[in-house]
Each structure stands twice: as structure tokens, then as C-alpha cells.
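Subject: Structure handover

Hello,

Please find the structure below. My notes on it follow.

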Amino acid sequence: MHRLRAAKEKGWHSIRAEFFDGTAEAAFVEAVRANIRHGLPLSLDDRRSAAERIVTTRQDMSDRAIAECTGLSTKTVGGIRRRLNGDSSRQEVRLGRDGRRRPLSAAEGRRRAAEALTARPHAPLRQIAKAAGVSVGTAHDVRERMRRGEDPVAPRDRGKPHRPGGHQEPEAVPGDPAVTAGEQERKSRNMRARLQSLRRDPSLRFSESGRELLRWLFLQYQAKAKYPHVVENIPPHLAATVAELAIQCAEMWRSLAEELEDRAGRAD
């Protein structure tokens with residue numbers, strides 16, 4: 001609206017514009033998303049104010065979705081939600097970054113994924129995730145638990161009560177205190193063992209593309225170990241830029257995972 005007013009004051013009769021069809025609240029979200037990525041970046045106070053408005057007007061959006069469009073951390077958005085909505089009624093579902101609605105209780109989604117896997121054990125994980133309303137990562141974790149004969153519902157999700165304001169995320173994220181140190185260590189050992197197994201596979205070791213893939217995967221493993229130290233030392237003025245790049249990298253890996261799952265499903 002500022003650019004439009006400036007154009008009018010300059011006497012311009014037409015401008016290039018992108019039309020947005022949606023509510024005023026949805027338009028505000030898109031405006032914030034755009035203004036942390038180009039032009040004069042929004043200040044930290046501006047982004048906090050924007051998050052407060054979005055939390056108030058779009059209570060169905062998840063903390064991660066709001067964090068992605070404001071350039072704040074998920075933890076910061078969660079704190080804002082608790083401060084503003086501590087006494088409000090809880091939301092049963094949240095709208096995630098991908099536009100999908102997911103239940104705040106991860107246990108129910110995991111049970112649906114387990115039922116879908118039982119009925120279609122060879123279906124691609126992307127289909128299982130879509131049917132159960134969970135992420136591909138959650139569907140994968142459920143499948144691995146079922147293969148080991150474990151409860152598909154992770155210990156951290158069993159009987160977890162809703163807190164006031166319904167600020168919980170549908171899935172745990174790195175650094176979440178609900179994820180025990182023991183479980184993190186188990187996942188790390190599992191990842192290391194799988195990487196070592198891939199490293200010994202001749203079809204990867206003796207091809208250029210295979211060696212390239214192994215380098216990618218080992219870099220990701222090393223990055224995970226150094227994650228806390230690196231994040232703590234990112235300058236505040238670069239946080240939004242690094243966050244955007246991290247999201248793009250995550251989307252690339254998710255696309256790769258979905259493509260490979262589809263290929264595995266066709267092979268079965």
C-alpha cells in the first residue's frame with residue numbers, strides 16, 4: 001500500500017502488480033513473508049509484532065508456519081502464543097507450512113499411519129502420510145517402530161495432555177525437551193550405522209554419482225552433530241536469510257525422499 005500511494009503521488013496511472021485473492025489476515029501473512037526476503041528487512045521488533053498479530057488472527061497456523069513467514073524461531077513464536085493465548089480455548093488442528101492441516105495430538109496421527117501401513121505394507125510412505133494426515137518423516141518412524149515390534153506411538157506422545165492455548169506442534173523438532181537424550185542418541189547411532197552400510201555398498205563406492213551421494217549424506221550427518229554450536233553463532237541480522245536457505249535445503253531433501261519412496265513403491 002505504501003508503494004501504491006507513492007505511485008499515485010508521482011502521478012503514475014498504472015503500475016506492475018501482483019493480485020492476491022484472500023482475506024485481509026491471509027494478505028498480511030503474505031506481506032510479512034515477502035518483506036523478510038527482499039528490500040529493507042523487517043527489524044526484530046517488527047517481526048515480533050507481526051507474529052503477535054498472526055497468532056491472534058490466525059490461531060489455526062502452526063508455530064513453525066508462523067516462524068517460517070516471520071523469520072523468527074519456532075520457540076519464539078511458541079512463547080508469543082503462550083503469552084497471548086494462555087487462557088484461550090485450544091485448537092484441535094493446525095495449518096502447517098505446507099498448507100496441510102494436522103492434529104495437535106501426534107498420537108492419533110501415528111495410530112492412523114500404523115493402520116494404513118498394516119493395510120498397505122508396500123505402499124509408498126508419501127501415500128501413507130497423506131492418508132494418515134502426518135508427515136513423511138512421521139510415517140517413516142512409525143514403519144520403523146512397527147518393524148522392530150514397538151508401539152507406533154512414540155513415548156513422548158503417549159498420553160500427552162493439551163496445554164492451554166494449544167501451542168504444541170504436531171511433531172517434535174530438534175532441541176525439543178520432549179525428545180529424550182536417549183532417543184536422540186539411538187537415532188544418531190542408527191543413522192551412523194546406515195551410513196556405514198551405504199559406504200560399503202559397491203554400487204555406490206565405485207560410481208561417481210554414488211560417491212557424490214555419500215558425500216552429501218555424510219555432510220548432513222556432520223552438520224546435525226554441530227547444529228547447536230552453529231545456530232548459536234549465527235548473527236541476528238542473517239537469521240532470516242539462513243532460515244530461508246535451510247528451508248529450501250529441507251524441501252530439496254524432502255523431494256528426494258518422496259521420489260525415492262515412489263520408486264521403491266513401484267519396484268514392490
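Ala113 touches Ile128, Ala132, Val134 and Val142, leaving aside residues up to four places away in sequence; contact means heavy atoms within 4.5 Å. The model is predicted, so local features need pLDDT of at least 70 and side-chain atom pairs count only at pLDDT 80 or more, while totals for chains, interfaces and linings use all residues. Residues are numbered from 1 along each chain as its sequence is written, and side-chain values use heavy atoms, with hydrogens and water left out.

The largest nonpolar core has 13 residues, of which Ala113, Ile128, Val134 and Ala139 touch the most other members. A core here is a set of buried (under 20% relative accessible area, 1.4 Å probe, protein chains only) Ala, Val, Leu, Ile, Met, Phe, Trp, Tyr and Cys residues joined through side-chain atoms within 4.5 Å. Helix H6 (106-119), helix H7 (125-132) and H8 each supply at least two residues of this core. Helices are DSSP runs (H or I, at least four residues), numbered from the N terminus. Another core, of 12 residues, lies apart from it and includes Ile66, Ala67, Cys69 and Leu72.

Helix H8 covers residues 136-147, and its 12 residues should span 16 Å at 1.5 Å a residue; the expected span is 1.5 Å times one less than the number of residues. The end C-alpha atoms of H8 are 17 Å apart, which agrees. Its buried residues are Val136, Thr138, Ala139, Asp141, Val142, Arg143, Glu144 and Arg145. Just after H8, Gly149 takes a positive phi of about 75 degrees.

Regards

Terms used
Buried means under 20% relative accessible area, exposed over 50%, partly exposed in between (1.4 Å probe, protein chains only).
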